[in-house]
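Me: I've got this one open on my screen. Let's go through it a piece at a time.

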Amino acid sequence: MSHFPVNWTGGTTSLYRRNLIKGAVALPFLYGLTPLARATDPLLRYDIASVQGQAMLAIYADAVTRMKALGDANPMSWLWQWYEHFVDGTTTKSNELTRIFGTTTSATRTLANDTWNTCQSHSGQDANHFLPWHRLFIYYFERIIQQVSGRMDFTLPYWDYTSSDVTKRGILPAQFCMPSDPLFGSLYRAERTSLANSGLPIQKNQPGDQMDISAAMATPNYSTVDTVQGFCRAIDSGIHGRIHVLVGNAKGMGAVPYAARDPLFWVHHSNIDRMWASWNNNGGINPSTATWAAHSFTFADVNGVRVKKPLSSVFDMSTLGYGYDTYIPAPTAATKASATATQAFATASASAVRSQRVAKAATGANLGAGSVNVTLVRVDGAPQANMLGLDASHPERRAYLVLKDLHTWVQPEVLFHLYLGPGNSSAAPGSHNYVGSINFFDAEFHDHGGGAMDEALGENFYSFDVTPLLRHLANAGAHSSNSLRLTLVPGGRPSQGASPLVASIELFIR
């Protein structure tokens, strides 16, 4: 329950003049003080745009300032929390451990070694780790904010960028764009896109609806089944990565080593966690008995207390003592029915029938500032049809465009948009053949300081159900039985030196 007046307006000057919140006069933010007791009743995380969310944002902004003032060796400092995600990309974990702690072994140095650079998932890590690792990460961060602020009723608000309200959809909360404000200036970072820091929709000028999550929310399975993305990977590679790229550049939210330095990161991930909670509320089931779910990670709790938790321990959000003020409704019947039919077929046949590859690009796609066309050619054994990818004998089969093995040396700082059409067509890309977008947020090599794993980039798997698109093209009279043309178009000017690559492009049916 909020302790703030319902008529609180979020006025910056008056709030600051009243020392923010009356309970924050003497804040126990120094490392080593007795931790405060967390509220016993379940706490609610609020939409930043709500009255309660605005009050929580004020507490957050003040706590960010206080955390930045703590020494780098303090587990409750801003730098430490940033580094649990990934250390500054201009240096290495090893160098930072030596800079901050020297070479002498200590409990705090060991804790830093065990917690820094543990962000999941990229560089070949299990894609299923993404949601539970970040739930643990922001949970302990929230506890630290409570301790630093002295407000045990604090909850991390969420940025509802997928809201149907056009005044909120894809628009940064105003408090993150006030560099000179005495309170909210702590939330500003210059390493953002001009759209982001100008208070304009970050998806402006992009084709399609980059804030749409309906297909991901309708996905029945948590984990990927063969060529069909599961919910976790769909959120991770989809809306999660798109927000990072559309908000920040390669020295900010747009790159893994710098992302958690931006205070916006945390309210972004609060919303990602809300999506997962909503998916569960709508009937999605977490794979609690999966082998990967037993994997444990170490975090720094209040006052640097070491905690080690298995990922499965946070599948039930209620055990952590928090919830959300609102949840994302279940997808519409049409979207849900389509996704359920698609993945129910995939799940039922997973043990007996693998996806059938029907087309493959001879080479990958080296992307740059211009459009790139790739031809997918029919492979032997593919069903004969007027439109490659359809199977008239088994109309229940779905067609999936699968892109794997993405890599970039530096972040291109843009999305890339996909358009699919007949192989013999010269028509310009448009809404009639738009597939979706990809991003390279998790496709950049990062040195974890952990040996052989750092050589792995992972497959960075994308899968798009293109069945409706192929049917639409066929119904419109298009014929292309032996090839399809995929066009990849940058959603802006890529940064120099990025050289993003999609190494594998294939079409499957199942």
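**Ser355 and beyond**

Me: Which residues does Ser355 touch, leaving out residues up to four places away in sequence?
Reply: Leaving those out, Ser355 touches Asp226, Thr227, Phe508, Ile509 and Arg510; a contact means heavy atoms within 4.5 Å. This is a predicted model, where local features need pLDDT of at least 70, side-chain atom pairs count only at pLDDT 80 or more, and totals for chains, interfaces and linings use all residues. Residues are numbered from 1 along each chain as its sequence is written, and side-chain values use heavy atoms, with hydrogens and water left out.

Me: What polar contacts does the side chain of Ser355 make?
Reply: Its partners are the side chain of Asp226, at 2.6 Å, and the side chain of Arg510, at 3.1 Å. A polar contact pairs N or O atoms within 3.5 Å; within protein one must be able to donate a hydrogen and the other to accept it, and residues adjacent in sequence count only if both atoms are side-chain atoms.

Me: And where does Ser355 lie, and is Ser355 buried or exposed?
Reply: Ser355 lies in the loop between helix H12 (333–349) and strand S5 (356–361). Ser355 counts as buried because its relative accessibility is 14%. Buried means under 20% relative accessible area, exposed over 50% and partly exposed in between, with a 1.4 Å probe and protein chains only.

Me: Zooming out, how many helices and strands are there in the chain?
Reply: The chain has 13 helices and 13 strands. These are DSSP runs numbered from the N terminus, with helices (H or I) of at least four residues and strands (E) of at least two. Of the 510 residues, 58% are buried. For contacts between residues at least 6 apart in sequence, 78% join residues at least 24 apart.

Me: Which residues of H3 are buried?
Reply: In helix H3 (residues 78–85), eight of its eight residues are buried. They are Trp78, Leu79, Trp80, Gln81, Trp82, Tyr83, Glu84 and His85.

Me: What lines the largest cavity?
Reply: The lining has 15 residues, with Cys119, Ser121, His122, His240 and Phe441 nearest the centre. Five are nonpolar, eight polar and two charged. Helices H6 (130–149), H9 (231–247) and H11 (264–281) each supply at least two lining residues, and H9 gives the most, with three.

Me: You mentioned Ser121. What is the peptide bond from Gln120 to Ser121 like?
Reply: That bond is cis, with omega near 5 degrees. Ser121 lies in the loop between helix H5 (107–115) and H6.

Me: Which strand holds Pro422?
Reply: Pro422 is found in strand S9 (residues 416–422), and at 10% relative accessibility Pro422 is buried. The C-alpha atoms of Pro422 and Arg485 are 5.8 Å apart, although 63 residues separate them along the chain.

Me: Last one: what is phi of Asn205 near?
Reply: Phi of Asn205 is near 75 degrees, positive in a residue other than glycine. Asn205 is in the loop between helix H7 (194–197) and helix H8 (214–217), and is exposed, with a relative accessible area of 68%. Asp405, in strand S8 (residues 399–407), also has a positive phi, near 60 degrees, and is partly exposed at 35%.

Definitions and conventions. On a 1 Å grid over the protein atoms alone, a cavity is a set of points where a 1.4 Å probe fits but cannot get out, and a pocket is an open set with protein on both sides within 12 Å along at least five of seven lines; lining residues have an atom within 4 Å of a point. Ala, Val, Leu, Ile, Met, Phe, Trp, Tyr, Cys and Pro count as nonpolar, Asp, Glu, Lys and Arg as charged, and the others, Gly among them, as polar.
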